[in-house]
Amino acid sequence: MSGRAQLMWDEAVTGYDFGPGHPMDPVRLALTMRLVEAFGLDRALRVTAARPAGESTLRLAHRADYIAAVREASAHPEAADGSYGIGTADVPAFAGMHDAAALIAGQSVGAAEAVWRGEALHAVNFAGGLHHAMPGGASGFCVYNDAALAVARLLELGAERVVYVDVDVHHGDGVQAAFWEDPRVLTISLHEHPRTLFPQTGWPEETGAPGAEGSAVNVALPAGTGDAGWLRAFHAVVPELVAAFRPQVLVTQHGADTHFEDPLAHLAVSVDAQRLVAEACHALAHEHTDGRWVALGGGGYAVADVVPRSWTHLVAVAAGRPVPPESEVPEEWRAEVFRRTRQLGPLRMTDGRTPEWRDFDDHGYDPADRLDQAILAARRAVFPAHGLLP
């Protein structure tokens, strides 16, 4: 197997653009790639582009009538009326929408294919992670669910056990729905509690359909959770389940909207903790899947200050060239940020945090603590199905 990492990139993914004022500004993708280049990471891995996902590939996770509706809205965006979730405030129709969404999906599917076939050990598509799209509808800024398509393609190629870990601030509802009845896929989502955030799903009691009990895992974190709690929850749930499930491939989604500066949610996580979770996922892949790791982006709406730094750390970890947190951000990149956004870019690759957390098993838990209640609820709901003590 090749030891090289692969970065999926086609500048045309920035055509996934819902228009002025929409939170999902594609400048976040362009600025991430420019920061990757500013640190020379594009020379530490193979940068390549895949073809857009075609009809048969899209059908792995989406209904034919929905794909047809996306094509129609793409050709006539002015006629979109909210049917299939298209033409809403969250998912406005735009010319070329099908092509842009299919291109992003193609990069995630291409990443999955490269990893499964041994062409790359790790593959990253930070333009992907559009985890809210459903089989028959758009939702939450997401048209095609590239994460579900990547997992479905792995199964089609012969994978028998895949773990999907989602650390976006929002519940990975579309991926959970896609594999709700499939015991070959373990979906684990850590997210802000559904009481306080879209899409109001991801309760710990959501554990999979009959015949696939324990295949869906949901850690619903209280609003305000910061680095120590976020990392405590991740390490209290994810590593044991991954070890018990024995996956052949690890697919992870790294939405940067858990950050304390994100305007659309209420967690208080730093770039430094996000980097540590990327490193933890990398380590889990080497420990349990012979290194096979597909890493995706996701949400993140602090488009200049947070997203590019978080995902550049992700790319660097995958490339085996981690960027020291104290590194200064290259001045030419900060100039690009100002040129594109009229914002002052961040000065360093850190938020100045050195995250630490108390291990759940070694240091005990507090039954009165809301974070520990969330961890316990998730473990009690699914650990026994995997032969683990809650």
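Predicted model: local features only at pLDDT ≥ 70, side-chain atom pairs only at ≥ 80, totals over all residues.

Me: OK, helices. At what angle do α7 and α12 pack?

Reply: About 10°, with the axes 10 Å apart; α7 covers residues 227-245 and α12 residues 370-382. Helices here are DSSP runs of H or I with at least four residues, strands are E runs of at least two, and both are numbered from the N terminus. The axes are lines fitted to C-alpha atoms, for helices over the stretch in contact, and angles run from 0 to 180 degrees between N-to-C directions. So α7 and α12 are roughly parallel (under 35 degrees; over 145 is roughly antiparallel, 65 to 115 roughly perpendicular, the rest oblique).

Me: Which residues make that contact?

Reply: From α7 you have G229, R232, A233, A236, V237, E240 and L241, and from α12 L371, D372, I375, R379 and V382. Contact means heavy atoms within 4.5 Å. By class, the residues of this contact are seven nonpolar, one polar and four charged. For the classes, Ala, Val, Leu, Ile, Met, Phe, Trp, Tyr, Cys and Pro are nonpolar, Asp, Glu, Lys and Arg are charged, and the others, Gly among them, are polar.

Me: And how do α7 and α8 pack?

Reply: Their angle is about 10°, and the axes are 11 Å apart. That makes α7 roughly parallel to α8. On the α7 side the contact includes W230, L231, F234 and H235, and on the α8 side A273, Q274, L276 and A280 are among the residues. This contact divides into 13 nonpolar, three polar and one charged residues.

Me: Switching to cavities. How many are there of 30 Å³ or more?

Reply: Three. The largest cavity holds about 80 Å³ of space. It has 14 lining residues, and H254, G255, Q274, R275 and S310 are the closest to its centre. A cavity is a set of points, on a 1 Å grid over the protein atoms alone, where a 1.4 Å probe fits but cannot get out, and lining residues have an atom within 4 Å of a point. Grid points are joined across faces, edges and corners, and a volume is the space filled by probe spheres set on the points.

Me: Which helices supply at least two residues of that lining?

Reply: α8 (271-288) and α9 (307-319) each do. The lining of the largest cavity has seven nonpolar, six polar and one charged residues.

Me: Is R334 buried or exposed?

Reply: R334 is buried, at a relative accessible area of 16%. R334 is in helix α10, residues 331-341, and touches V329, L344, G345, P346 and L347, not counting residues up to four places away in sequence.

Me: Now the backbone. Where is there a cis peptide bond?

Reply: From F198 to P199, with omega near 5°. P199 is in the loop between β5 (185-192) and β6 (216-221).

Me: Which residues other than glycine have a positive phi?

Reply: Y84 is one of them, at about 60°, and D290 has a phi near 55°. Most residues other than glycine have a negative phi, and most peptide bonds are trans. Y84 is in the loop between α3 (64-75) and α4 (97-116) and is partly exposed at 31%. D290 is in the loop between α8 and β8 (293-296) and is exposed, with a relative accessible area of 58%.

Conventions: Residues numbered from 1 in each chain as written. Heavy atoms only, no water. 1 Å grid on protein atoms, 1.4 Å probe; cavity = no way out; pocket = protein on both sides within 12 Å on 5 of 7 lines; lining within 4 Å. Buried < 20%, exposed > 50% of the residue type's maximum accessible area, 1.4 Å probe, protein only.
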